[in-house]
Amino acid sequence: MVSYVSAWIWSERFWLPENVTWADLERSPPGVDYPHARHLACALPLAVVVFLFRLLFERLVAKPCANILHIQTGVRRQVQPNALLEKFYQSKTIPDHKHLEGLSKQLDWDLRKLQRWFRVRREQDRPTTETKFCESLWRFTFYSGIFIYAVYNMWHSPWIWDTRQCWYNYPFQVKDHYNYYVAELAFYWSLMFSQFTDIQRKDFLIMFIHHLATILLITFSYANNMLRAGALVMCVHDASDIFLEAAKLANYAKYQRLCDAQFVVFTLVFFITRLIIFPFWIIRSVLFESWEIIGPYQAWWVLNGLLLVLQVLHVFWFYLIICIAIKSIFKGKVSKDDRSDIESSSDEEINSNSKSRKTQFVTDGHSYSIDILEMKLYLLQFFHIGALLHDSD
């Protein structure tokens, strides 16, 4: 049964061009190593190392930077300890009216006091600005480092400048940029781990599926020896993430002009990389040049379908960015990380806090809502499978 399932998963008719078998890839010439899925096994232990390094980075680098920039953790109200309410809160953070009435009878508390307890308890679980700054600084550092590494190592590769060479002699190509692939895969495995240790976010399930899709598609492209096209896709998508994280950092540090400038750069880089380079350079090569050189096969159709869907999402994504920017310029927006909050809205809370929220959230007329943008981008990243041949936090 196991061998049957394995043969079905690794069907040569699906994965490989006509007249190519897995055995052909095993028989590589002396000194030549073709990619195999088993090569990625080291990504799991490396992900643990990345995760531990992130913890050290946030403690030894990010937090001191936050202190230098005077980003405070803030002092929050603490709820009155209550074992019954705490146990209920762990299963349901926003009780409905029926549950509130039941708890009210058990504790002899009025409904307003219970609502206030749950509101303050949710507030305790929200990450502080310092926490969000540390997370963004870590992602900014990784994206910057991996992008520079990728460009440095691929710059002199002939297939970057002549994308037809991505398909010559395919799939019998050497294991190009193995370290780049493993680093990206380990990073996304570490994000998967950290979801269970970080404060739970509203988009937990969406991001879990997103990270899982990213991991599967990085593995897919490596096992299928599409490393050249996959490396180009990952590099193009990492470029704009750098400036998004930079804009968020400036936003948390309250450097509004720098935040605005970074947002403009992010928008321009996004447009150039994902609406020009990605469709007219990478997709064109994968769709037309590969058809001409190696011909279509089953995995080829899946790959191109994912890339085309991704490009449609890029167009919609960019439209979303422009809409948010226009609203920010003309109406002013909220500098609040909605994505970081555990779901906490209720009619009682909205009514009781509307006055203080006006003071807390309205900005100076043209600040950009980086974190609201991030929340919407991550919702779209549930579908971000092609980024991937790979793929944000």
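The mean pLDDT of this predicted chain is 78, and 79% of its residues reach 70 or more. The chain holds 16 helices and zero strands. Of its 393 residues, 49% count as buried, and the chain exposes about 19800 Å², of which carbon and sulfur atoms supply 64%.

**Confidence along the chain**
- Among the elements, helix 4 (residues 43-68) has the highest mean pLDDT, at 93, whereas helix 15 (residues 347-361) has the lowest, at 38.
- Over residues 333-393 the pLDDT is below 50, and beyond near neighbours in sequence this stretch has 179 contacts in the model.

**Helix 4**
- Helix 4 comprises 26 residues and reaches 35 Å from its first C-alpha to its last, close to the 38 Å expected at 1.5 Å a residue.
- A kink of about 40° is centred on Glu58 in this helix, and Glu58 is also one of its buried residues.
- An α-helix has 3.6 residues a turn, so residues three or four places apart point the same way.
- The cover over the buried residues of helix 4 includes helix 8 (129-154) and helix 10 (178-194).

**Annotated transmembrane regions**
- The unreviewed UniProt entry places the feature "transmembrane region" at residues 37-57, 136-155, 204-223, 263-283 and 303-326.
- In the model, residues 37-57 are 71% helix and 0% strand, with end C-alpha atoms 31 Å apart.
- Residues 303-326 are 100% helix and 0% strand, and the end C-alpha atoms of this span lie 35 Å apart.

**Backbone geometry in the loops**
- His70, which is not a glycine, has a positive phi of about 60°; this residue comes just after helix 4, in the loop between helix 4 and helix 5 (83-91).
- His70 counts as exposed because its relative accessibility is 63%, above the 50% cut-off.
- Lys254 likewise is not a glycine and has a positive phi, of about 65°; its place is the loop between helix 12 (227-252) and helix 13 (256-293).
- Lys254 has a relative accessibility of 71% and therefore counts as exposed.
- The peptide bond from Tyr170 to Pro171 is cis, with omega near 5°, and Pro171 lies in the loop between helix 9 (158-161) and helix 10.

Methods:
Residues numbered from 1 in each chain as written. Predicted model: local features only at pLDDT ≥ 70, side-chain atom pairs only at ≥ 80, totals over all residues. Heavy atoms only, no water. pLDDT = per-residue confidence, 0-100. Helix = DSSP H or I, 4+ residues; strand = E, 2+ residues; numbered from the N terminus. Contact = heavy atoms within 4.5 Å. Expected span 1.5 Å × (residues − 1). Bend = angle between axes of the 7 residues up to and from the residue. Buried < 20%, exposed > 50% of the residue type's maximum accessible area, 1.4 Å probe, protein only. UniProt positions renumbered as here; feature names shortened; annotations may be inferred. Areas by Shrake-Rupley, 256 points an atom, 1.4 Å probe, with all protein chains shown as cover.
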